[in-house]
Amino acid sequence: MSDTTATTQPGTTEVSLPVPATPPARTHGPVTRTDFVRYQGASGDMNPIHHDEVFAKAAGFPSPFSVGMWQASLLGTYATDWLGGPNVRDFRIRFLAQVWPGDTLTLGGAPLRTYVLEGADGREGRVDVELTCRRQTGDTAVTAWATFVLPEAALDAAVGGATPETSEQPETTEEQG
């Protein structure tokens with residue numbers, strides 16, 4: 001998918017599929033240097049520009065700032081809480097603004113399109129979503145685009161019912177012949 005809209009892949013058919021309701025925006029913060037350092041320790045990225053005041057100022061910044069992947073991880077958690085971690089098929093991010101100690105972040109998302117993907121293993125309903133992490137200033141810090149598999153029931157309901165493997169056959173009795 002591109003930065004703003006999804007592209008059509010071979011074997012896809014755009015179709016309206018039910019998507020679980022978008023959760024309300026989630027607020028995080030005010031963020032602290034401790035948040036930054038905790039993420040740095042978990043990720044193994046211990047660049048001092050993200051925690052050392054003297055180092056950050058020597059590099060021309062007013063203070064340490066967040067590792068951008070931390071905001072991306074917040075968006076990932078927001079999205080997987082909404083659509084399910086096992087359902088992720090693609091996740092792309094773009095870093096747009098730095099996040100500073102004291103910032104309050106607002107996470108949100110919206111579906112872009114739904115479609116059916118036909119593959120060797122059958123078909124699955126998918127949804128492409130756009131996710132945003134905004135600072136209290138209104139600046140977008142990170143934008144992400146993700147693709148998720150939708151529940152099979154959503155696909156069946158939207159494209160004409162059960163597949164041959166899942167359709168139920170009526171029981172026959174001796175009286176029916």
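Predicted model: local features only at pLDDT ≥ 70, side-chain atom pairs only at ≥ 80, totals over all residues.

The protein chain has four helices and six strands, and, reading from the N terminus, the order of elements is β-β-α-α-α-β-β-β-β-α. Of its 177 residues, 34% count as buried.

Now to helix 3 itself. Its 16 residues, at 1.5 Å a residue, should span 22 Å, and the end C-alpha atoms are 23 Å apart, which agrees. Which residues of helix 3 are buried? They are W70, Q71, A72, L74, L75, G76, Y78, A79, W82 and L83. In general, an α-helix has 3.6 residues a turn, so residues three or four places apart point the same way. The cover over the buried residues of helix 3 includes strand 2 (26-28), helix 1, strand 3 (88-95), strand 4, strand 5 and strand 6.

Y78, which is found in helix 3, has a relative accessible area of 1%, and since buried means under 20%, Y78 counts as buried. Leaving aside neighbours within four places in sequence, Y78 is in contact with T22, P23, P24, A25, R26, L107, G108, G109 and L131. For one of these, P24, the C-alpha atom is separated from that of Y78 by 9.9 Å, although the two residues are 54 residues apart along the chain. The other residue is L105, which, not counting residues up to four places away in sequence, touches R26, T27, H28, V31, W70, Q71, L74, V99, C133, R134 and R135.

Is S66 buried or exposed? S66 is buried, with a relative accessible area of 4%. Beyond its neighbours within four places in sequence, S66 is in contact with F36, H50, Q71 and V99, and a polar contact of 2.4 Å joins the side chains of S66 and Q71.

Let me turn to strand 6. Nine of its 10 residues are buried, so strand 6 is largely enclosed by the rest of the structure. Strand 6 pairs in the antiparallel sense with strand 3 over seven bridges, where F91 stands opposite A146, and it also pairs in the antiparallel sense with strand 5, over nine bridges, where C133 stands opposite V142.

F148, which lies in strand 6, is buried as well, with a relative accessible area of 1%. Not counting residues up to four places away in sequence, F148 touches A79, T80, L83, G84, N87, V88, G125, R126, V127 and V129. G84 is 64 residues from F148 along the chain, and their C-alpha atoms are separated by 8.1 Å.

I will finish with the backbone. Most residues other than glycine have a negative phi, and most peptide bonds are trans. Just after helix 3, G84 takes a positive phi of about 95 degrees. G138 takes a positive phi near 95 degrees in the hairpin of strand 5 and strand 6, which has four residues between the strands. Finally, a cis peptide bond, with omega about 5 degrees, joins G29 and P30, and P30 has its place in the loop between strand 2 and helix 1.

Definitions and conventions: Residues numbered from 1 in each chain as written. Heavy atoms only, no water. Buried < 20%, exposed > 50% of the residue type's maximum accessible area, 1.4 Å probe, protein only. Polar contact = N/O pair within 3.5 Å; in protein donor to acceptor, adjacent residues only side chain to side chain. Contact = heavy atoms within 4.5 Å. Helix = DSSP H or I, 4+ residues; strand = E, 2+ residues; numbered from the N terminus. Expected span 1.5 Å × (residues − 1). Pairing = 2+ DSSP bridges.
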